Amino acid sequence: MDEMTLVEQLEAELRVVADAATLPGRSECLACYVARMLEEFGCNTTLRWSQRFRELRSPTATGLERRLGGMGGFCDCEIFLNGLRLARPMLVRDVHTDEVEPPEELPACAGVRRTSTRWCANWERHQC
Ligand SMILES: [Zn+2]
Ligand SMILES: [Zn+2]
């Protein structure tokens, strides 16, 4: 039987840890997942987090890029610049300016069906 060297073992473990940090939660939706990953890791001007979500949850959702592109999301951060924003009930009122704005921390995902690539009730489309 092949024996892994210590270095190989360590590397294998690191991969698992790195992987686990970028897994979507049990019923976490595409938008909450991508928003969370963007906060942690940023955008690399591709749809890498959206695609990772699709690969893990819904590999047959091949129209995902088209759907995201259709609302101006050609990379992960553009989904939020052009496509989706937090729904009004998620926003908090600034007591000083009386304006509503996104909370400092992302609200917990409202949850979607496990294989869905839709977003949860926390999000709404930008008004065009
Ligand atoms: Zn981007
Ligand atoms: Zn969500």
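Me: Let me start with the metals. Which residues coordinate the zinc ion (ligand 2), and through which atoms?

Reply: Keep in mind that the model is predicted. The donors are the SG atoms of Cys 29, Cys 32, Cys 109 and Cys 120. They sit at 2.2 to 2.3 Å from the zinc ion (ligand 2).

Me: What geometry does the site of the zinc ion (ligand 2) have?

Reply: Read the angles among the four donor atoms. They run from 108 to 112°. Four donors count as tetrahedral if all angles lie between 85 and 135 degrees, so the site of the zinc ion (ligand 2) is tetrahedral.

Me: How are the donor residues of the zinc ion (ligand 2) spaced in sequence?

Reply: The pattern is C-x2-C-x76-C-x10-C. Cys 32 lies in helix α2, residues 30-41, and Cys 120 in the loop between β3 (100-101) and β4 (123-125). These parts are 88 residues apart in sequence, so the pair ties them together.

Me: Are Cys 32 and Cys 120 buried or exposed?

Reply: Both are buried. The relative accessible area of Cys 32 is 6%. For Cys 120 the value is 4%.

Me: What coordinates the zinc ion (ligand 1)?

Reply: Cys 43, Cys 75 and Cys 77 do, each through SG, at 2.2 to 2.3 Å. Their spacing in sequence is C-x31-C-x1-C. Water is not among the atoms, so a site may look incomplete. Cys 75 is buried, at 7% relative accessible area, while Cys 77 is partly exposed, at 29%.

Me: With cysteines in view, how many disulfides does a search of the whole structure find?

Reply: First the idea. A disulfide is a covalent bond between the sulfur atoms of two cysteines. Here the search of the whole structure finds zero.

Me: Next, the aromatic rings. How many aromatic pairs does a search of the whole structure find?

Reply: A pair of aromatic rings is described by the distance of the centres and the angle of the planes. The search finds three pairs in this structure. Phe 41 and Trp 49 form one of them. Their centres are 5.4 Å apart, the planes make 35°, and the pair is tilted. Phe 41 is partly exposed, with a relative accessible area of 39%. Trp 49 is buried, at 7%.

Me: And how do Phe 80 and Trp 123 pair?

Reply: They are tilted, at 5.1 Å centre to centre and 50° between the planes. This pair links distant parts of the chain. Phe 80 counts as buried at 17% relative accessibility, and Trp 123 does at 8%.

Me: Where does the charged end of Arg 118 sit?

Reply: Over the ring of Trp 119, at 4.8 Å from the ring centre.

Me: Which residues of α2 are buried?

Reply: An α-helix has 3.6 residues a turn, so residues three or four places apart point the same way. In α2 the buried residues are Leu 30, Ala 31, Cys 32, Tyr 33, Val 34, Ala 35, Met 37 and Leu 38. Take Leu 30: its relative accessible area is 2%. In C-alpha terms, Leu 30 and Cys 77 are 13 Å apart in space, and 47 residues apart in sequence.

Me: Last, the backbone. Where is phi positive in Gly 42, Thr 45 and Asp 98?

Reply: Most residues other than glycine have a negative phi. Gly 42 follows α2, and its phi is positive, near 80°. Thr 45 is not glycine, yet its phi is near 60°. Thr 45 lies in the loop between α2 and α3 (48-57) and is exposed, at 64% relative accessible area. Asp 98, also not a glycine, has a phi of about 65°. Its place is in the loop between β2 (92-93) and β3.

Definitions and conventions:
Residues numbered from 1 in each chain as written. Chains lettered and ligands numbered in written order. Predicted model: local features only at pLDDT ≥ 70, side-chain atom pairs only at ≥ 80, totals over all residues. Heavy atoms only, no water. Donors = N, O, S within 2.8 Å, 3.2 Å for Na, K, Ca; no water. Tetrahedral: all angles 85-135°; square planar, octahedral: opposite > 155°, others 65-115°. Helix = DSSP H or I, 4+ residues; strand = E, 2+ residues; numbered from the N terminus. Buried < 20%, exposed > 50% of the residue type's maximum accessible area, 1.4 Å probe, protein only. Phe/Tyr/Trp six-rings, centres within 6.5 Å; stacked < 30°, edge-to-face > 60°. Lys NZ or Arg CZ within 6 Å of the ring centre and 35° of its normal. Disulfide = S-S within 2.5 Å.
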